Amino acid sequence: RSSSSVRLQVYKADAAFVLNNPILGLGLGQFQPRYDLEIRQILGHEPYEYIMIHPHNTLIAVWLNLGIVGVILFIGLIIFVFRKYIMTASYSEKFYRLIGLSMLLVMLLHGIVDTYVFKNDLAMMFWLVIALCMLPRKFVVEGLVVEGKKLGRTIGFPTANLEIINSNRDIRELEYGVYGGRVTVDGKNYL
């Protein structure tokens, strides 16, 4: 009797529950009571553990709690977050984005043998990582200064016109106007 043999029994119960309830699942919080009622019948003998509070697999936990619609939404959320990370990262943000992706990937891998979406302590960590992934990023623009009409110096504010080379977001999101920013020249920052 080891942790692995207990998990195998839980996975056998998971499979039975999914096969018997493929569309709607069991309902929120119904895994433990159903496990208690049906595990002896599913296994054909006494289980190693009589009390099991969750299915020990995140995707199965989502399926059994929320049904197939929940699974589709959960997978869609994960795909959306990964695409958002990959598609919107500028070169200067890639390092930090990789850290976030790594955190999410580790949680997804851990979810093969545990449930983090519906357990208080792990759920908080998972949803915090998702929320951090979804936060808006600063508008970062990289480019070369080009000559303009020199109108700024006539009102006491010399300006720089920028020919954009790279941006972490769609430049069309910017409204027409004058913007302040930070400039780095030879490793020194200017505001």
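Predicted model: local features only at pLDDT ≥ 70, side-chain atom pairs only at ≥ 80, totals over all residues.
Let me begin with helix α5, which runs over residues 120-134 and, with its 15 residues, reaches 21 Å from its first C-alpha to its last, close to the 21 Å expected at 1.5 Å a residue. Within α5, the residues Ala123, Phe126, Val129, Ile130 and Cys133 are buried, and because these buried residues fall within an arc of 130° when seen down the axis of α5, they line one face of the helix. The face of α5 that is turned away from this buried side carries Asn120, Asp121 and Met124, which are exposed.

Turning now to charged pairs, a search of the whole structure finds 4 salt bridges, and I will go through some of them. In helix α2, Arg34 and Glu38 lie 4 residues apart, about one turn of the helix, and they form a salt bridge whose closest N and O atoms are 2.6 Å apart. Lys119 and Asp114 meet in another, at 3.6 Å from N to O; here Lys119 counts as partly exposed, at 22% relative accessibility, whereas Asp114, at 10%, counts as buried. Glu147, which is exposed with a relative accessible area of 66%, pairs with Lys150 at 3.1 Å between the closest N and O atoms.

Finally, on the surface, Val145, Leu162, Ile164, Ile171 and Leu174 form a nonpolar patch, with about 410 Å² of accessible area together. One of these residues, Val145, is found in strand β1, residues 141-146, and Val145 is exposed, with a relative accessible area of 61%.

Key
Residues numbered from 1 in each chain as written. Heavy atoms only, no water. Helix = DSSP H or I, 4+ residues; strand = E, 2+ residues; numbered from the N terminus. Expected span 1.5 Å × (residues − 1). Buried < 20%, exposed > 50% of the residue type's maximum accessible area, 1.4 Å probe, protein only. Arc of directions from axis to C-beta. Patch = residues over 30% accessible without salt bridge, like charges linked within 9 Å, V, L, I, M, F, W, Y side chains within 5 Å. Areas by Shrake-Rupley, 256 points an atom, 1.4 Å probe, with all protein chains shown as cover. Salt bridge = Lys/Arg side-chain N within 4 Å of Asp/Glu carboxyl O.
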